[in-house]
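The exercises below are meant for a reader new to this structure.

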Amino acid sequence: MLGYKKGLLAAGLLVMISISASLDSWAADRVYIGEQKCRACHHNAGQRDQYNKWRLTKHANAYAVLAMPESQEIAKLSGIADNPFDSPVCLGCHATASNVEDWELDETFHIQDGVQCELCHGSGSEYAELDVMRNPNAAMMAGLKMPTEQDCMICHKDKGSHLAVLKVKKFDYKMALGEIAHSGKGGPIPEEPKKPKKLIDGPKYVGAMSCAECHRGAMMGYAVSKWRLSSHSKAFAVLGTQKAKEIAKKRGIEGNPQQAEQCLKCHSTGHGEQAGWFTESFDVAQGVQCESCHGPGSEYMLEAVMLDPIASRESGLWKVNRETCLRCHPKEVDGKPFDYEKAVKKIEHFKKKDKTASAGIEYKTPFNIAVSRDGERLYIACEASDSLIVVEAASGQRIAEIQVENLPHGVCLSPDQSQVFVSNRGADTVSVIDSQSFAIIKTIPVGDEPHQMTTNLEGTRLYVANAGSDDVSIVDIQKGQEAKRLSAARGAWGVSRSSDGESVYVTNNLSHFVKFREPCRSEVTVIETKRDFIDTRIVIPEANLVQGVDCSPDGEFALVTMVRTKNLVPMTRVIQGWVMTNTLGVLWKDGRVDQLPLDELDNGFADPTDVVITPDGKYAYVTGGGIDAVAVIDLDKMKSILKNATDEERKNLLPNHLGVSTEFILKRITVGIGPRGLTVSPDGKYVYVADALDDAISVIDVAKQERIKTIDLGGPQQITEERMGERIFHNAEVTFGRQFSCHSCHPDGGVDGVTYDIEPDGIGINPVDNRTLRGILDTAPFKWTGKNPSLSRQCGPRLAVFFTRIDPFTPEQVKALDRYICTIPRNPNRFRLDGEMTPAQRRGKIIFERTMDNSGKEIPLDNRCNSCHPAPYYTSRDVVNIGVISELDTDLEFDIPHLNNIYETAPYMHDGRAETLEEIWTRYNPFDRHGVTNDMTKDQLKDLVEYLKTL
Amino acid sequence: MTRLTLIIILFAGLPLLLCAGEEIPQLAGEPYVYTEWETFYAEENGLPNDHIFSLRADGDRLWVGTEDGLALLEDGKWKVWQEKDGLPFKVVSGIAVSQKTGDVWLGLFGGGVARFSGGRFDHFHQLNSGLVNDVVYALTILDDELWVATTAGVSSYNTVTGEWEIFTDQNAPMEEIWCYSIDSHGKRVYVAVWGGGILEWDVETKHWDAHRDPDHEMEIDLYRDDGLIHIITTSVSFRDDIMWASTYFGLSRYDGRHWRGYTKVDSGLISDFINFAVGRDKNTCYCSTDLGLAVLADFESDTWVTYKRDADDAEHWTAHLMVQDKIIRSVPTKLSLPNHFIICSEFQGDDVWIGTGHGLAHGIGKGYYAGLK
């Protein structure tokens, strides 16, 4: 009996393996073949002419329109920092097969064809054969899809960014369907007599797609896109219209104009030449192509030839002038006069750098400062301008501005002052700059989202806190490469070296994962520099957003900035530090941790960001990013308060005692808008503050405890709506007691990693995980319940009735805030490789797109991964019940989250119950209501997770 | 007569024939013998539990994995972590220390894997990570990658990129997926698969090689040196370009070209049932068996030192100096462990540690030397 059962089991396993294998091979065999292959059968007389219709729709130009200035603006509003042509989100709806690997594209596939047949009907290689296509069932089995309204709505649902820029009407599905109607069936490829084709020796026509290989980017003036949007590219397709047929008839041309010599002469390229003049890549259906005006390109298309004007002319590149156009554009055609100048302007496509490329106002946004040992120079990392600005401290004169990489954040100097290190948090690198010549000596790859840095005393090692990968890169400075990576906690942020050089303190912005309804718990990771091992991990209870850190000169303690977020029941605690207690943490050498509020009663100190201690150890300065001020801490008084308190008071009373801050904070010095990093001059006389949203440095005189001047970093004077929104986002004026800003819960537009029990819907119910703001505009509706249709509603009335206990935002403020939030860019995806996937990611993609489970049973359409999470945002923007309603939830359905950069927004699910992506399915999908996953083997689930990280 | 019976008769008779003219072998030199020992128990010394499952020396420190917690011996003092102290799971079956980061990785028998770093335990298990299974036998670290042998295959975890990989019968030549032991060296990872021999993974070519018993016999080893002695392997160790593999049917040594097999019939192995074997150098291997410790002290001269209690009521263990399977001389030791079932062993400088089903012992290697003297 046992043997029988074993046999059954083995047979079952075999079936599973074979099905799994066949699924893999089925999916692996499918490639995108391009519209030209479809056209072979769908471009003939009768009910077979789908090509012409498609070619004249907006779908055919969907890729080309990404070159338009409006597209740049839409991308910006969608939080896309890339060029739209490089953005998977834009390409997801403006091109076919944008999320596949290179091997999945046949040579006949051209991305320039925009939204072509295969975006709606599926990759064609397996169903394109006539025998398969004749049998609808067989074609479907081979991958042919017949799109539904739901499929169309994946791309055509209202998108805030498009509505804002294009002022388009609401999408009408039925009307749109009428516009693209292309009924008919196709049929066999007409047999043509096979003629031996011998290519001539001289210049031959290669076709526009060959030209497109080089002439497509911004540097080439988007030449191919402009051509594609012109009437020239449609010149052949228009011959298939009824109007063309009528014109032809009027002129006595019988039959199909697309085959009539008189028409083709000016509606196609190279017409009249023998077959040997055309290479395989040439496609007559592309109409009036580059070579119509510039001559057959086979001999001059090589880059080396093209770059040499004489050589290119000698190789057949025609000189284009009025006569070129007048060959087909006589002075008057059908009663319409031809205006040469106007026509040339209309098709202008030769500029090296297109003016339409984004050329917005560029702010500096200084984030962090380093000062030279002699105190004469300041080195300022400026996030918005991607630059390091060097100024003379005394005069404020700008000495240099060096372009580094994306989003420079931290800056520090080597002990011998010869090198400046700048962390680029958007590029995952550290730029090494010669402090004298200002040349970039080297760019060193480090972990994800590098923030602050320091060196060891000897200057041989650089410690880089990586907020994205939750670790610390230790860089061998001499070798210029990362030597090792140490695990931090979550969101490694600030870095400070102890005075004896034996330790490096690293703060972590996000709390450890904690159990449901337990308070936050954050960590300061301490590295011992002798061996570069983790020495200890100081745990700070009830704290998150631990960012700034500085070690005291006497080595007795370190100070950190932090927030005590009351995310649990109740959020508002009148006698327990209100909602978010902005706090100074004191980490003593013996391991003891104290916490003292920086807030006063009714006068909060929102967003404490950085701290610095003067060399004499008397004062500490803390930036309040949300209140545009710096607090001056009297350290002797601070120590005295702690010394005179009992253990019980230090543990339970002082951390929430809003009356104590006035005893150790000497004063608050008003600085510029949105202060972030700060530093003190080596002689201890001045404190320099980076006023991030003022593009300036505030200089504080330590003796006077006053701001004595500001150094202008040369940012634009104009304040755009977006900048205004950025300032509102980072300012706590609107909240009761100035305790927090938007930035407090969404640091830099991301998440604080905390689950909130927000009270308006009732205390103790509906806990919700915080969600990122990066690139969210087009993922409406908002909130986990999906009840807010727009950001304006989310940020306007909602804030006014809940968070804002004083004045609501004005309509202008809401508009500006919305504008800014829309433009908060996503981070570059760290797991997506160019053009190819890892084997695990590839296997994971097949699982994500699977239609059958491991037993061969079909997965219902509405329970497949990509039904609810379709590209490019990987959300259908609906609300669903995936079977995770808890007794605390009053809603039965939740918003389907987008999955872009999903790896950086843990914890997951509406109430943050899943710490990792795996747990979503291993723990919280027992009945297969969140996709069919319980049939998966462990390695299949792992592969799925690896793929999800690439989205 | 079956083929098997014939083989047994032939092999059983062969020693008798050989004995007729056989000379008693002599020691080619003196192997080192551990005579000074100290022992540690839960009740007396503060170990969390007497069932010692794993040992790892880290400089002067010794990590000990037990059935109910993790212990660290440092500067003569024991420090213990149990579940109440944050250890994610009580049974610590494997320990690896990253020389690069200083992090200690723990294999948890039924609880997955934990990283112990700066006093914090990070828990990775089959529900929250890409780890293939929570029943972990052993782990090893190769550069930035952690390799884990589990009861359902091997997992690797890149500690820099966070990427997991899983190897099972689906993508590796595993006739079984029960992976008992794992070791790494250079660019290679070695896995002992219970019932599947030894697998060797080349990190650069991403290719598996398999070492199996060429004679395919499950009951006996038909040809001693034709390859791995048996496919039921329990551990693998790679030192000085030599691979040592233990099985429940003897020990194998492989120099990359030649195999050498050892069983209790023709060597100093006390028992063929080897739980764990670890190479000390190219000529020396320590075998933790169910009947005591068998040390191949010198490969060239086939010299062994075996440690066991000669009589059940003997207070101390005796070391037997052997050449092949012949005892040449016996030496009393101060080792007093009550249990012969040795589960693991580890070297710490000149010293040796052995973990048993009842207590831990420390052999003090004063004047230790390798090979023979």
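Two exercises with worked solutions follow. The model is predicted: local features need pLDDT of at least 70 and side-chain atom pairs count only at pLDDT 80 or more, while totals for chains, interfaces and linings use all residues. Residues are numbered from 1 along each chain as its sequence is written, and chains are lettered from A and ligands numbered from 1 in the order in which they are written.

**Exercise 1.** Describe the overall build of chain A.

*Solution.* Step 1: chain A has 33 helices and 36 strands, which are DSSP runs numbered from the N terminus (helices H or I, at least four residues; strands E, at least two). Step 2: the radius of gyration of chain A, taken over C-alpha atoms, is 32 Å, close to the 30 Å of the globule rule for 951 residues, so chain A is as compact as a globular protein of that length. That rule is 2.2 Å times the number of residues to the power 0.38. Step 3: the C-alpha trace of chain A spans about 105 × 85 × 55 Å along its principal axes.

**Exercise 2.** Determine how helix α33 of chain A is covered and what touches chain B.

*Solution.* Step 1: in α33 (residues 938-948) of chain A, 11 of 11 residues are buried, that is, 20 or more other C-beta atoms, placed from the backbone, lie within 10 Å of their own. Step 2: the cover includes α30 (839-848) and α32 (917-922) of chain A, together with β13 (164-167) of chain B. Step 3: 23 residues of chain A are in contact with 22 residues of chain B (C-beta atoms, placed from the backbone, within 7 Å). Step 4: β16 (481-487), β20 (533-541), α32 and α33 of chain A each give two or more residues to that side of chain A.

Technical notes:
Buried ≥ 20, exposed ≤ 12 C-beta atoms within 10 Å, placed from the backbone. Contact = placed C-beta atoms within 7 Å.
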